[in-house]
Amino acid sequence: MGDQITKDPSTYLSHLELGEPDKTFLDSNELIINMGPQHPATHGVLRVILKLDGEKVLGTECVIGYLHRGVEKIAENRTYTMFNPYVDRMDYVAAVSNGLGYCEAVEKLLNIEAPPRAQYIRVILTELNRLASHQLWLGTHALDIGAMTPLFYTFRDREEILKIFEKYCGARLTTHSFRIGGCQYETYEGFERDVEKFLDFAPPKIDEYEELLTTNRIWLERTKGVGTISAADCKALGVTGPVLRASGVKWDLRKAQPYAAYSKFDFEIPTGQHGDTYDRYLVRMQEMRQSLRIIRQAVESIPEGPIMAKVPKVMKPPVGEIYHSIEAPKGELGYFIVSDGSTQPYRVRVRPPSFVNLQALDIMVRGQLVADVIAVIGTLDIVLGEVDR
Amino acid sequence: MVAKFKARHGSGVREASTYLGQNFMIVEPSITNDVLQILRDEEQFDYCVDITAVHYPSREKHFELIWILYSFPRNQRIRVKTMIADGERFPSSVSIWPTANWLEREVYDMFGIQFDGHPDLKRILLPDGWKGHPLRKDYGIIQQDQEWVQINLGIESGQ
């Protein structure tokens, strides 16, 4: 058999500088265990090799790539329009954000701008998707730690968002809702009413999740002080999104470098102080409420007008390159596109937030217990489709 | 800022300009790591967003290496680019930004560019024994390492 499958897990760790087991407590032995790739708490196919001293983690190594589909290679063999649906398959729980980033990047390259109405529709759908992504994260994260009820609550409420998506474009997850130059579909009859109904429906539900967890004794024990990461470490490791904000850095691309129609809305950037799992939970809970705030402003002031800019039938962006990034639910999602003047991109590079954030797993779990590894993988909010692409 | 680099490194800075409102600098490979170090230490580019490469088989030097940097205090981005030949080794920037670790591993995996001084340079997305680097232009879209597939997965072909 080949190297990857039969290889001794311990060889993966040989390069790491690891501490020696502490022999004072009973007879603790150094242990190397393999977690995943088929493991319900790794949110997909993530394999982590752990070096343990009894229950204490000395070091880890992530083995990824089980879901690699060669998205960047595919892009080089498709036209700009044809590649658009593929980006939905990376972060499949926040497909709308992926599409927004890609469409805006190509629009910049073509030097066109989506009309205002399209930009408002984009903001509404993207924020709804952020909420859905955070709800899915909360449900699965809490389930990993042992609280089962939040999963049922969040999935019940996420369904309402997916219904809006389904009515808008016919798909629930891989929506492909935006096109280069605007939106393909005008909002359906009663779209605003549905969204407003959801805006009244959601806040008490978020209160409900908070009631279950925020002051829950077990939740506090399992999350406070677990997986702490400092702001300096976050910056050095390129960690973005709620993880960075929970460490106290007030940075959100929607404010720092506004795209779509975000500069027109009033919202806060929630931050934490300690950078532990509990703070990240609080930050994401507040982000849900801020998303609702943005959606309400957008629905109330949505302008009339066209939803598509004038886009050439055959897209041939001028020779050049562009990097455009947006604040996806997981962090900074960037697209680096090189055009050689033909109908197909010469190179598309996706800067995935999950991939870069996952790199911080090692320093976050060192010195913690095995059970905390599960909590930290959950709190990083990774999607393996995006890590492996 | 560019003037400062030009004064210090002379003709090492080949080009510095703006396209679609985004700044970039093309520098000689020999001074690239110095430039990156200075950008972090003196110009506050404290966040390395991405490291990637582009393959141009028709050029004399096949690969273009690209660093996308961001500065939190200045709220600015910059791209640093350099050209290297096929098979040429390049110093790693892990000591400047630890995040370069996985990003460089991915560049190695996809393009076969070797980084000197990298703590653990091995494939990251593809399996260790795989032959070929898929994002090179001469690698076909449906090409696979058939031998690896047959040995490891026990099937005739992955297609």
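**Exercise 1. Find how many residues of chain A are in contact with chain B, and describe that side of chain A.**

Solution. Start with the count: 34 residues of chain A are in contact with 33 residues of chain B. Contact requires C-beta atoms, placed from the backbone, within 7 Å. This is a predicted model; local features need pLDDT of at least 70, side-chain atom pairs count only at pLDDT 80 or more, and totals for chains, interfaces and linings use all residues. Residues are numbered from 1 along each chain as its sequence is written, while chains are lettered from A and ligands numbered from 1 in the order in which they are written.

Next, locate the elements. Those giving two or more residues include α1 (3-6), α9 (231-237) and β7 (331-339) of chain A. Helices (H or I, at least four residues) and strands (E, at least two) are DSSP runs, numbered from the N terminus. β7(A) gives the most, with 4 residues.

**Exercise 2. Which residues of α2(B) are buried, and where do they lie on the helix?**

Solution. The buried residues are B:Thr32, B:Val35, B:Leu36 and B:Leu39. Seen down the axis of α2(B), they fall within an arc of 100° (directions from the axis to the C-beta atoms), so they line one face. The face turned away carries exposed B:Ser30 and B:Asp41.

Methods
Contact = placed C-beta atoms within 7 Å. Buried ≥ 20, exposed ≤ 12 C-beta atoms within 10 Å, placed from the backbone.
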